[in-house]
Each structure stands twice: as C-alpha cells, then as structure tokens.
Amino acid sequence: YESSRIGIWEWDLDTDNIMCHLSYGWLTGFGGSDALPESEWLPCVHPSDVPAAKQKILQSVHSGQKAIEVKFRITSRGLGLRWHLCRGMVLKSEKGGQIHRMIFVNIDITEINQLLDRMEDSANQLQTILKIIPGLIYRIQLNQDTPHIYVSRQSEDILGYSDADAYLYRVRGKVHPDDQSEVNRVVQEALEAHKPFEIVSRISVFGGEWRWYWERGVGVYDEHGT
C-alpha cells in the first residue's frame, strides 16, 4: 500500500464512524504503525472543507444516487496541503434496502489541479494577446464531426459581423469567387508540406463590400502528421 496512489475508507451512517483502510494512511503520509490523527469525521480533511464535503455526500445519498464524487483538501504529513478526488458507493442492507454504509476511494489529484491551473493561466494570457493584436485571428479545429471555429473579438471591427455571426460566417466563406481556387490551392499545398501559408485575397465584409486582406496561417498536426 505504500506505493499506492489511492486510499480506501468507509463511513458507517448508522454510527457515524469512519474506518480507514491502511491504504488511506499511506496516501495521507501516515503509514505502517503510524496512527491517523483523531477527527470528528474523515482524518486529515481540511477543517474548512469538512461541512461542504459531508453535506454534498449526504445530499447525494438522499437524492438516490449510488455513485458519489466530491473534492476536498487533505492535510498530508510531509506533503502539506493536497487535493483529493473522493469517489464513493452506497451499500444497502439486505433487509429493507436501507442505506447503512458507504465505501470511498480517495485519489490525490494535486498535480492534475496544478496542471489545469497552469493551462488556464496560459489560455488567459493567450486571450489577452489575441485581444490586443490588430487583426482578425481565427482557429479551425478539424478533427471533429463539426469543425470548431474560434474567431477573435476584432472580427466585428474588421468584417462588420458580431462574434456570434462570425462563427456562422466561417471567415473564409465569403472569399471572392475569382480568388477562391487560388486560396484553396495555396492553403492545401502548404498544409501538405507542413509549411506556413501566405495569401492575399478579397473578402466580403458586412454590407457586401469587397476588401483586400493579407493572411498568414499554419497547420497544427497530430502524431500521425494529420
């Protein structure tokens, strides 16, 4: 259990007693002969998180859910404050079907949370940069049933379309007919060669006026080069 990344515990709802498996001790930094600290509920849970965690679990039970999931912080010995994802299952008595016990598995998700926070920070920084760049920026996600298109907020100033309309507008959907075949050729050849592309074409803005635009783009590929 020392190398296990999960901790198992049980909650007897009849007596309100918590029984921790040895794996929970190792997960929280208390292993072997070390005793877990005394607690009114699950040991090591941050006191500020106990009321909300208990309430969510009990509400899930009363609403008839069999599978329960909740997150809370654990004060782990040697590792400090850690985030745990707790998943539980309701056990009913054979007679009467009354809920009397629950079994839980805790998983340490601290590193995952930190990674998600860094990704969110990076995304926020990118959005800030996109807002201040003078130009129309868009991204098309192709590996989906319906291509997902992101269009920067500057689209309304440049094309005359609102953000919502720009998604439907599909950016290159109004390229001048005389320029369309050349645009398609340049983009396709660049993507196949895994090189950036650069094109100049006419695009219809709101009201039907044709305006000249210079555009640069690059493909993002998966492990198969697609």
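Visitor: Before we dig in, how many helices and strands does the protein chain have?
Guide: Local features in this predicted model need pLDDT of at least 70, side-chain atom pairs count only at pLDDT 80 or more, and totals for chains, interfaces and linings use all residues. Residues are numbered from 1 along each chain as its sequence is written, and side-chain values use heavy atoms, with hydrogens and water left out. Helices (H or I, at least four residues) and strands (E, at least two) are DSSP runs, numbered from the N terminus. Going by those runs, the secondary structure comes to 6 helices and 9 strands.

Visitor: What share of the protein chain's residues count as buried?
Guide: Buried means under 20% relative accessible area, exposed over 50%, and partly exposed in between, with a 1.4 Å probe and protein chains only. Out of the 226 residues of the protein chain, the buried share is 31%.

Visitor: And which residues touch the most other members of the largest nonpolar core?
Guide: A nonpolar core is a set of buried Ala, Val, Leu, Ile, Met, Phe, Trp, Tyr and Cys residues joined through side-chain atoms within 4.5 Å. The largest one has 20 residues, and the elements giving it two or more are β1 (6-12), α2 (50-62), β3 (67-76), β4 (80-92) and β5 (99-108). The members that touch the most others are W9, W41, I57, F72 and M102.

Visitor: Let's pick on I57: which residues does it touch?
Guide: Contact means heavy atoms within 4.5 Å. Leaving out residues up to four places away in sequence, I57 touches W11, W41, I68, V70, M102 and F104.

Visitor: How many aromatic pairs turn up in the whole structure?
Guide: A pair of aromatic rings is described by the distance of the centres and the angle of the planes. Rings of Phe, Tyr and Trp (its six-membered ring) pair if their centres lie within 6.5 Å; planes under 30 degrees apart count as stacked, over 60 as edge-to-face and the rest as tilted. One of the pairs is W9 with W41, edge-to-face at 5.6 Å centre to centre and 85° between the planes. The search of the whole structure finds 4.

Visitor: Which residues do ring pairs link into a cluster?
Guide: The cluster linked by ring pairs holds W9, W11, W41, F72 and F104.

Visitor: Over to charges: which residues do salt bridges that share partners join into one network?
Guide: A salt bridge is a side-chain nitrogen of Lys or Arg within 4 Å of a carboxyl oxygen of Asp or Glu, and the structure holds 10 of them. In one, the side chains of D108 and R82 meet at 3.0 Å, N to O. D108 is buried, with a relative accessible area of 10%, and R82 is buried at 11%. The network joined through shared partners is R82, D108 and E111.

Visitor: What does R202 form a salt bridge with?
Guide: R202 lies in strand β8 (residues 197-204) and its partner in helix α6, so the pair ties together parts 23 residues apart in sequence. Both residues are buried. The N to O distance is 2.9 Å, and the partner is D179.

Visitor: Is H176 buried or exposed?
Guide: H176 is in the loop between α5 (163-169) and α6 (177-192). Not counting residues up to four places away in sequence, H176 touches R202 and W210. Its relative accessibility is 14%, so H176 counts as buried.

Visitor: Last one: where is I112?
Guide: I112, L115, L116 and M119 make a nonpolar surface patch of about 390 Å². Patches are made of residues with over 30% relative accessible area and no salt bridge: like charges are joined within 9 Å, nonpolar side chains (Val, Leu, Ile, Met, Phe, Trp, Tyr) within 5 Å. Accessible areas come from the Shrake-Rupley method with a 1.4 Å probe, and for residues only the protein chains shown count as cover. As for I112, its place is in helix α3 (residues 110-132).
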